[in-house]
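Please look over the chain shown here.

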Amino acid sequence: MVTGMGKREFDLIIIGGGPAGISTALYAVRGGLDVAVIHSGDSALHRAEHIQNYYGSGELSGTELYDRGIKQAEKLGITVISGQVTFVTTDGSSFTVEMPSGALHSSRLVVATGSTRKRANIKGLSDFEGKGVSYCAVCDAFFYRKKRVGVIGAGEFAKHEYAALEKVAGEVYLLTDGETPTFQAAHVMPQKISRVFGRDDGRVGGVEFVDGETLELDGLFVALGVMGSNSLAKSVGVFTDGDGAIVTDGDGRTNVNGLYAAGDCTAGVKQISKAVDDGMRVGLFIVKDFKRGDKR
């Protein structure tokens, strides 16, 4: 498995190493494309103790199936990179995928990161989603110019969100919720968070820590672990539905030219067979575009 990075330019980059991502990669590489798969090793499959309803698999664990897919991709010459994606940008003709170890570039991008990432299990947090609680700094930082905001997180994703907010907000606090941060920040609150509270107008008002201390905030950004499908999509202008799923057409295309989505991050049943089918359709469609000379 590749953990560092030498080659940085690819025809296709796929974010996600589960059934949808690997299926896309297998069809794309067999179609002659230079493909990279980036995965964090965290998949819903790892929480499946037994799989009995996937054709030809017999009975095996989700971890076993995930590992088989990664090995199959590597055997076919696909570049498999283990790591976290911290951000994605596009200039209209290519995509740049940022990672702690550097950036990769491609003319096509597939998001296959599974369903929307896990939210923090903090009392009151979900009550203020869309009312001052956000999961995408690039999307919403503009609304907090010169205001006081907090970022919940301690890793690379939190580092990116914190940096984005520093450029526009008045004060930015890093709320690690008891974790040790991996980067330096001007204002760090390391205590465990007991609850999120609101203001009289119904918007988020701040957080209370387990030691009783409170911090008043105008906005709160959740940046736990890696960048989730919803935040990633919104950062480049991709449409999502009311449940946060990425909106695609029948071939997995989003409203952003050259960007596709497959698997659990899109609408529909969350099943392995559906994810594999999504990946097949996206892979075949991208290969068809390349063969007719349509690079975007």
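The report starts with the whole chain and then turns to single residues.

## Overall fold

This is a predicted model. The chain has 15 strands and six helices. Its radius of gyration is 20 Å, close to the 19 Å that the globule rule gives for 296 residues, so the chain is as compact as a globular protein of that length. Along the principal axes, the C-alpha atoms fill a box of roughly 55 × 45 × 35 Å.

Take the contacts between residues at least 6 apart in sequence: 58% of them join residues at least 24 apart.

## Surface and charge

Of the 296 residues, 50% are buried. The accessible surface comes to about 13800 Å². Carbon and sulfur atoms account for 48% of that surface.

The charged side chains number 33 positive and 36 negative. The centres of these two sets lie 5 Å apart.

## Thr96 in strand S5

Thr96 sits in strand S5, which spans residues 95-99. Is Thr96 buried or exposed? Its relative accessible area is 16%. The cut-off for buried is under 20%, so Thr96 counts as buried.

Which residues does Thr96 touch, leaving aside its neighbours within four places in sequence? One set is Phe87, Val88 and Thr89, and another is Ala103, Leu104 and His105. His105 also takes part in a polar contact: its side chain and that of Thr96 are joined at 3.0 Å.

## Two residues with positive phi

Most residues other than glycine have a negative phi. Lys146 is not a glycine, yet its phi is positive, at about 65 degrees. Asp177 is not a glycine either, and its phi is about 55 degrees, again positive.

Both residues lie in loops. Lys146 is in the loop between helix H3 (137-140) and strand S8 (148-152). Asp177 is in the loop between strand S9 (171-175) and strand S10 (188-189).

What is the relative accessibility of Lys146? The value is 75%. Exposed means over 50%, so Lys146 counts as exposed. Asp177, by contrast, is buried, with a relative accessible area of 18%.

Methods. Residues numbered from 1 in each chain as written. Predicted model: local features only at pLDDT ≥ 70, side-chain atom pairs only at ≥ 80, totals over all residues. Heavy atoms only, no water. Helix = DSSP H or I, 4+ residues; strand = E, 2+ residues; numbered from the N terminus. Buried < 20%, exposed > 50% of the residue type's maximum accessible area, 1.4 Å probe, protein only. Polar contact = N/O pair within 3.5 Å; in protein donor to acceptor, adjacent residues only side chain to side chain. Contact = heavy atoms within 4.5 Å. Rg over C-alpha atoms; globule rule 2.2 N^0.38 Å. Areas by Shrake-Rupley, 256 points an atom, 1.4 Å probe, with all protein chains shown as cover. Lys, Arg positive; Asp, Glu negative; His and termini not counted. Charge placed at Lys NZ, Arg CZ, Asp CG, Glu CD.
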